Amino acid sequence: MTPDARPSQHAPELRSAVRHFNRRRFLTVGGAAAALAFAVNLPAAGTAAAAELDPARIDADPFTLGVASGDPKPGSVLLWTRLAPVPFQADGGLPAERIAVRWELALDERFRRVVRRGETTAHPEFHHTVHVEAGHLAPGREYYYRFRAGRWTSPAGRTRTAPHEHARGGALTFALASCQRYDQGHWTAYRHLAEDDVDVVLHLGDYLYEYPVTSVGGARAYPAGTLPDLFNRETTTLEDYRLRYALYKTDPDLRAAHAAHPFVVTWDDHETENNYAGDTPENTVPPEEFLLRRAAAYRAYWENMPLRRPQLPDGPDLRLYRRLHWGRLAQFDVLDTRQYRSNQAYGDGWQFPGPESEDPSRTLTGDAQERWLIDGWHRSDAVWNVVPQQVTFSRRYNSTTLPSRVSMDSWDGYPASRERVLAGAEAAGIRNLMVLTGDVHVAYGFDIKRDFDDPESRTLGTEIVTTSVSSGGNGSEKPSNWATYLAANPHLRFYNGQRGYTTVALDRERARIDYRTVPYVTTPGAALTTYASFVTEADDPGLKPV
């Protein structure tokens, strides 16, 4: 059921109040933010008012959704969990009371050498999620962590800190994952990723999908009635989104990947709604209705991701773009290409470029984020300048006959925005640009050309597009448009349509990219294959097969 067909479940008092704000003021006025706090059942000020629950009253394991860590820095890392003895209940099986949670960080997996410990509070206003910024840690070190609530102890997780900010040597291996629609297949790729030797996982969006999930879990084909009917509706309210994250995080393969590696996350569209653009929804609903939905989605995202306090949303706004460093080896500029973008031109989809899409005022990142990105490049002293983001950056024609249609949802639909970014990279003189992408449920490898109309023009960097974990079902090695795409896009060096993930290993001389695939996801247990490998040399960009 579409959101405009489903009766609103947002508080009527809020919906009435919101109508007094036009769209721009709604996004900026403090009173609107306070109203939105009310909408998502959060206090306008302070979170300590709730009564405290005696942890001894927790009579079932509250750590059903596992543990996670994220955003590693040289001296700190974010640790996450959520207390939910009954995860498929709206309240998680806990009263609306705050709960003391202890945590500890050790150098060994048996916790014989504990180096940091503390206590925090799981607030009901945050759905009993816990975000611990564990600090005063050694740079470039592996750690193990766990939580305790009452007599219950969580599974242990493994994490690591980034190297010292001035560290020049060393190496880094990271994995790329995206697009994990629950009802389109098993997350076998995550089981393999949990066992892979990587330092960090970059999730590039579509961690959650808003679409209904039937009691059989769609393509997972569970016995009838396995999942409750509350999942068989589109997510629009805070309760909907919270329950959907609970469903996703009950998957053992996802929990294993989170426990094994720190994640750096960014969203795409489905964490809120398919192909939304800024404050413009996919469906025809009043703007205040969509912004309520966006506020609910952003709130649930922060609650359920290993994100730090600066990413805590303010109503329908959440600053997700941020910068991380891995010594002087790599700078990561994590982008958000959903929240600030202009609406898709020509009604979205694959369309011929024209004056509307080529309007120089159009933006995919918003002006502030674009300036932040380019200013950061001017200050960068990293060997590799890595940009984790959502949608295909390089030009992608779908026909060998010109003019060709392009995707209005990708950077092709915002060519002036892409040109400003490429000009900014060139002006900053950055070394070794690498754009990381998800979204399209296939794996690509592109050379980023200064002029995509001229195959002989300068190559400014590489774009690595990772395939989906499950979205799109089993996929195929060579989709029906495989030959056309390779012929129409001479800068496209690789294309595969199976499910899986991608790893990138960096040192000061080169980057090696391994595209890892599984042959099927509609049944569990598929083997993992390294389907193809490429390298790009430092200061000599361009993908070369290994």
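Which residue caps the N-terminal end of helix H6? In this model, which is a predicted one, that residue is Asp251, and one of the oxygens of its side chain lies 2.9 Å from the backbone nitrogen of Asp253.

Let me stay with this helix for a moment. H6 covers residues 252-260, and because seven of its nine residues are buried, the helix is largely enclosed by the rest of the structure.

I would like to move on to a strand, E19, which holds residues 459-465. Seven of its seven residues are buried, so this strand, too, is largely enclosed by the rest of the structure. Strand E17, residues 433-437, runs parallel to E19 and is joined to it by five bridges, and in that pairing Met434 has Thr462 of E19 as its bridge partner. Strand E18, residues 443-449, runs antiparallel to E19, with six bridges between them, and here the partner of Phe446 is Glu463 in E19. In the loop between E17 and E18 sits Asp439, which has a positive phi of about 80° although it is not a glycine. With a relative accessibility of 18%, Asp439 counts as buried, because the cut-off for that word is under 20%.

Where does the side chain of His491 reach? It comes to the backbone oxygen of Arg395, at 2.7 Å. Leaving aside residues up to four places away in sequence, His491 touches Ser394, Arg395, Gly445, Phe446, Asp447, Lys449 and Phe452, and at 4% relative accessibility His491 counts as buried.

Now to the aromatic rings, of which a search of the whole structure finds 25 pairs. One of them is formed by Phe494 and Tyr531, whose ring centres are 6.2 Å apart and whose planes stand at 50°, which makes the pair a tilted one. This pair links distant parts of the chain, since Phe494 belongs to strand E21 (residues 492-506) and Tyr531 to strand E23 (residues 529-537), 37 residues apart. Phe494 counts as buried at 8% relative accessibility, whereas Tyr531, at 30%, counts as partly exposed.

Elsewhere, Tyr182, Trp187, Tyr190, Tyr222 and Tyr248 form one aromatic cluster. Over the ring of Tyr182, 3.8 Å from its centre, sits the charged end of Arg220, and Arg323 lies over the face of Trp372, at 4.1 Å from the ring centre.

I will finish with two details of the backbone. The peptide bond from Leu402 to Pro403 is cis, with omega near 0°, and Pro403 is found in the loop between strand E15 (384-388) and strand E16 (406-407). Asp348, which lies in the loop between strand E13 (330-334) and strand E14 (350-351), has a positive phi of about 75° although it is not a glycine, and at 15% relative accessibility Asp348 counts as buried.

Note on methods: Residues numbered from 1 in each chain as written. Predicted model: local features only at pLDDT ≥ 70, side-chain atom pairs only at ≥ 80, totals over all residues. Heavy atoms only, no water. Buried < 20%, exposed > 50% of the residue type's maximum accessible area, 1.4 Å probe, protein only. Helix = DSSP H or I, 4+ residues; strand = E, 2+ residues; numbered from the N terminus. Polar contact = N/O pair within 3.5 Å; in protein donor to acceptor, adjacent residues only side chain to side chain. Pairing = 2+ DSSP bridges. Phe/Tyr/Trp six-rings, centres within 6.5 Å; stacked < 30°, edge-to-face > 60°. Lys NZ or Arg CZ within 6 Å of the ring centre and 35° of its normal. Contact = heavy atoms within 4.5 Å.
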